[in-house]
Amino acid sequence: MEATMTSIKGEELAVGCVVSMKTTLGEDIDGQILAFDRPSNLLVIQEGRRIHTCKSQPSVRRNVRLLKAGYIREFTLLERSEEDPLDVKQCFVDLGCLRTREETAMRQAMVESERIGVGVTSEAQCLFDALSKTLPVYWDKTTIVVMNDVCVSSPYLPENVIGGTSAANERVKKVLDFERKRLNTHQ
């Protein structure tokens, strides 16, 4: 293993050292140093825990984290490992699992992006978010569509509610009225 050195808070540590750290955000991180990029001040840490993939063969699942060294508040050197942390014979990357995680994250990002109104005020977005807590809603350009039937157009007042059954229409008006009052008291 190459003895590439890194410096954290004035102490020199080699790649492969096992450390315990606390970040400025209060997060505890235990892991092995894989690399340190001085120009970006970026530390690459391998976290790990034992998992069992089948009854007879335990394996190690590792998580690799990138951390700006400036976010480390304190750390403790736990051990200096003789093993090469980048030994490819010990590494296994489950590409299927990674693809599934990526697809799930992309679907979630799409769902979340559809919940953000384009060309609407922050107040309109707050009203949309309030309606979405109890009712199915989506944006149709700048119109809030509730329960696929009730439409609320700008300026998103109760009198701008149209469509749907009278009960659905009244429910949306009540939520809008309540949320507008709440927003006005918090400003």
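Predicted model: local features only at pLDDT ≥ 70, side-chain atom pairs only at ≥ 80, totals over all residues.
How many helices and strands make up the secondary structure of the protein? I counted three helices and 11 strands.

**Overall layout.** I read the elements along the sequence and got β-β-β-β-β-β-β-α-α-β-β-β-β-α. I then checked burial: 30% of the 187 residues count as buried. For contacts between residues at least 6 apart in sequence, I found that 40% join residues at least 24 apart. The exposed surface comes to about 12700 Å², with carbon and sulfur atoms supplying 53% of it.

**Helix α3.** Next I looked at α3, residues 166-185. Its 20 residues reach 29 Å from first C-alpha to last, close to the 28 Å expected at 1.5 Å a residue.

Which residues of α3 are buried? My list reads Ala-168, Asn-169, Val-172, Val-175, Leu-176, Glu-179, Arg-180 and Leu-183. They sit on the same side of α3, because they cover an arc of only 130 degrees around the axis.

**Asp-129.** Last, I looked up Asp-129, which is found in helix α2. Is Asp-129 buried or partly exposed? Its relative accessibility is 31%, so I logged Asp-129 as partly exposed. I also took its C-alpha separation from Ile-116, 13 residues apart along the chain, and got 9.0 Å.

Terms used:
Residues numbered from 1 in each chain as written. Heavy atoms only, no water. Helix = DSSP H or I, 4+ residues; strand = E, 2+ residues; numbered from the N terminus. Expected span 1.5 Å × (residues − 1). Buried < 20%, exposed > 50% of the residue type's maximum accessible area, 1.4 Å probe, protein only. Arc of directions from axis to C-beta. Contact = heavy atoms within 4.5 Å. Areas by Shrake-Rupley, 256 points an atom, 1.4 Å probe, with all protein chains shown as cover.
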